[in-house]
Amino acid sequence: MHAEDLLTLDPTAQAVAAATERLPEPTTAMRDTLRRTLTASLRAPVAGLWPALLLEARAKADVRYVEPATSHRPVVGPVLVFAKRTFRGAFQPFINEVLRRQVHFNEAILDALTVVIENQREHARSQALWRRELDARLKQLEKDDPGASSH
Amino acid sequence: MHIHQLVARLAWGDAIGNQVRYLQSLLRSWGHTSEIYAESWDDACRDQVRSAKSYPRESTRDTVLLIHHSFESKQVPLIARSRGRKLLVYHNITPARLFAGFDRGAVLSCDAARLELLALRPHVDGAFAYSRFSAEELVAAGYRHVDVLPFAIDWDAFDTPPDPALLGELDDGFSNILFVGRAVPSKYVDDVLRVFTAYQRLYQPKSRLLVAGNIHRDAPYGGFLHGLKDLLGPEHIRFMGRVSAAQLSACFASATAYLSMSRHEGFGVPLLEAMYRDVPVVAYGAAAVPETMGGAGLTTLSRDPLDVAQLLAVLEREPALRQQVLAAQRARVASLSQEAVAAQVRTALQGGLEGRMPEQATVPAAPPVELVCPGFVTRPDAPMSRLARELQRRLPEARMLALRARGEEPSLSLGPQTTEGAPVWHFTPDQPVGPTPEPLPGSSSLETAVRASTGAVVLLGTDTAVAQALLQDVGRRGWGVRDAAASSDETAIESARHHLGTRLLELNRADIHATADMLVRSLASKKRGSRHAR
C-alpha cells in the first residue's frame with residue numbers, strides 16, 4: 001500500500017504504509033492464484049435492456065390505449081372508425097381512471113418477472129464461472145503434481 | 001413557531017428516519033411545534049406521523065417545512081402548493097449507475113429523484129446538506145442558499161448490551177471482519193468479500209467475515225453475492241441477515257476491524273458507530289466517506305483487494321498502530337458529541353429560518369456551450385484534454401467542467417479556477433480517481449450541473465461514466481467525441497450512437513485541430529439551424 005493511497009492523520013499515511021511493508025511477502029504463486037480468482041470474480045457490465053421474453057408483454061402493459069381504429073369495409077367502415085374515434089375521444093379520461101389500477105398491476109408483475117429472470121441469469125452466470133474456476137484449479141493441481149493424474 | 005418536516009417514507013431504524021425524529025425532538029425542545037409528514041411509513045412509526053396529503057391544507061404563511069430528499073418522492077406538486085417557508089434537507093441520492101444491471105427499478109427511481117432535486121429548486125428558500133460532498137451538488141444544481149448541517153447521532157442507542165449467545169459463538173480466537181448494511185449494489189459487498197478472501201488467504205487463515213444486514217437471495221444482487229461466495233471460496237463467511245440491536249452489539253464487540261468498500265455514502269453512520277464501539281475502521285474513500293472519517297480510521301483511495309487486505313493485516317499485527325487508530329477514532333467521536341452537534345444544528349437552522357443563509361456563487365445556468373472533459377485536471381496530457389484546450393481557445397464563451405484532482409476535498413466554490421491556463425469549474429468525483437488506465441469515475445455534482453444548464457453540451461470522451469450518465473438527458477443539445485483508440489466498450493459506443501447520431505464525432509489523435517474544426521462547425525451549423533427554425 002502506498003502512502004498517497006491513504007487518508008489518515010494519526011497514524012500518518014507514511015507510518016501505515018511503512019507497516020504494510022513489514023508484512024510477510026506472500027509467494028508469487030500464491031499471489032498469482034489469488035489475482036486470477038479475483039479477476040474471474042469480476043462481473044462484466046450488463047446491458048440495461050429488458051429481457052427479450054418480456055418485450056411483447058411490456059408493449060401491451062398499458063391497456064388504457066389501443067391501436068388507432070381502422071376498418072376494411074368500404075362504406076360502413078369510415079362510419080365505424082369515426083364512431084370509435086369519437087367514443088374514445090370522449091371517454092378516454094374515464095377509461096384511464098377505470099384501468100389505472102390494472103396498469104399498475106401489469107407494471108408490478110412485469111417488474112417481478114424481470115427480477116426472476118435476472119436472478120436466474122445471475123445464478124447461471126455464477127455456476128458457469130464456478131465451473132470454469134474449478135477446472136482451472138484442477139488443471140493447476142495436475143500441473144503441480146503430474147504423477148497424481150496417472151494413478 | 002411551527003416547523004414541520006416532510007419525508008417520503010418514515011422508516012423505523014434507518015438513518016434518515018432517525019435524523020427526522022432527532023430534529024423533531026430538538027425543535028420541540030426549543031419550544032417550536034413540530035410534526036412529521038410522510039407519504040408512507042413503517043407500522044412501528046404510525047403514532048409519530050401525519051399523512052403528507054394533509055400538509056398543504058394545514059400549512060399557513062407562518063409555517064416552515066423542512067423537506068428531506070434522498071429518493072424519488074413524487075412530492076414536488078404537493079410542496080409547490082403548500083404555503084410558508086420551505087427548506088430542503090438533502091441526504092444525497094445514490095447514483096443510478098451503481099444499480100445498473102441489478103435493479104432496474106432503483107435505476108429509474110434514482111434518476112427521477114435527481115430530476116426532482118432540480119424541480120424543487122424554485123419552491124424552496126434554502127437548502128441544507130449533511131456533508132460538503134452533498135452541498136456541492138446543491139450548488140451545482142443552482143441552489144443559491146446552501147449550508148452544511150452537522151449530522152446528529154444518538155450515541156446512547158449503541159449502548160445495547162451484546163447478545164451473550166452470539167458473542168460466545170464469535171469470540172473464539174478468530175479474527176472477525178465486520179460489515180454492517182443492506183446488501184445493495186452501491187455498498188459493494190462483493191468487494192468486501194474479495195478483500196476478505198485476500199486477507200484470509202495471504203495473512204490470516206483463522207478469520208471470519210460477518211455481513212450484518214438484509215440480503216435478498218431472490219434479488220439479482222443477493223444471488224450474485226451467494227454465487228461469488230462459492231466462487232471465491234473463502235471459509236467462514238456469515239451472511240447474518242437482519243440482526244437485532246443485541247446481536248449487532250455482539251458483532252461489534254467481537255470484531256477485529258470494520259470494513260466498508262461502499263461506493264456511495266451521503267454520510268455513513270455505521271462508520272461512526274464502529275468508531276464509537278472501539279472497532280478500527282478501514283473504508284474506501286468514496287463520496288462523503290472521507291468527510292465522515294475526518295482523518296480518523298484508515299481511509300483508502302485504492303480499491304485493490306490485496307492493498308486493502310494489507311490494512312486489515314496491519315491492524316491485527318501491529319498493536320501500537322492499532323491503538324493509535326483507536327485513539328484518533330475516539331477523538332473523532334468526541335468532536336460529534338450530542339451537545340456540540342445540537343448547538344451547531346441550532347445555529348445553522350436559525351440562519352435558515354431567519355433567511356440569513358450563506359449565499360453561494362452558483363454555477364451560471366446558461367453558458368452557450370458546456371465542455372464536459374472529466375479528465376482535464378487529472379489527466380492533462382490525454383488527447384481529450386488537449387482537444388478541450390483547443391476548443392476552449394476557439395470558444396472562449398464556453399464553460400469547461402472537470403473532475404477535481406485526486407484527494408482534493410469537496411468545496412462549495414466550484415469555480416472558475418485557472419487550470420492549465422484555462423478557466424475550469426471543478427467537481428468532486430463520486431469515487432477517487434485511479435491511475436491512468438483505469439476509467440474515470442462519475443461525478444453526481446458535475447452531472448447535475450449539466451442537467452441544470454440549458455446550453456449545448458459537448459461530451460469529450462463518450463465512454464466516460466459522466467458522459468454515459470448524461471447521454472439520455474442532454475438529448476438534442478448534446479454533442480460527443482469518441483476516442484476509438486482508447487475505447488472498447490461496445491455498450492457505451494452503442495449508447496452514444498443511439499443518443500447522439502450524427503452529432504457523435506471521432507477523435508483524430510494525429511490532428512486534434514481537425515477534430516476541433518469539425519466540432520466548432522457542427523455547433524455553428526446547429527445554431528444557424530435553430531435560428532432558421534425560429
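How many helices and how many strands are there in chain B?

## Overall build

This is a predicted model. Chain B holds 19 helices and 20 strands.

The C-alpha trace of chain B spans about 75 × 60 × 40 Å along its principal axes. Its radius of gyration is 24 Å. A compact globule with 534 residues would have a value near 24 Å, so chain B agrees with that expectation.

## Burial and contacts

What share of the 534 residues in chain B is buried? Buried residues make up 52%.

Next come the contacts in chain B between residues at least 6 apart in sequence. Of these, 67% join residues at least 24 apart.

## Two crossing helices

Now look at one pair of helices in chain B. Helix α7 of chain B covers residues 189–202, and helix α12 of chain B covers residues 305–317. Their axes come within 8 Å and cross at roughly 60°. Because of that angle, α7(B) is oblique to α12(B). The crossing of the two is right-handed.

Which residues make the contact? From α7(B) come Arg194(B), Val195(B), Ala198(B), Tyr199(B) and Leu202(B). From α12(B) come Pro305(B), Leu306(B), Val308(B), Ala309(B), Leu312(B) and Ala313(B).

Sort the residues of this contact by type, and 10 are nonpolar.

Note on methods:
Residues numbered from 1 in each chain as written. Chains lettered and ligands numbered in written order. Predicted model: local features only at pLDDT ≥ 70, side-chain atom pairs only at ≥ 80, totals over all residues. Axes fitted to C-alpha atoms, helices over the stretch in contact; angles between N-to-C directions. Helix = DSSP H or I, 4+ residues; strand = E, 2+ residues; numbered from the N terminus. Parallel < 35°, antiparallel > 145°, perpendicular 65-115°, else oblique. Left-handed = near helix turned anticlockwise from the far one by under 90°. Contact = placed C-beta atoms within 7 Å. Nonpolar A, V, L, I, M, F, W, Y, C, P; charged D, E, K, R; others polar. Rg over C-alpha atoms; globule rule 2.2 N^0.38 Å. Buried ≥ 20, exposed ≤ 12 C-beta atoms within 10 Å, placed from the backbone.
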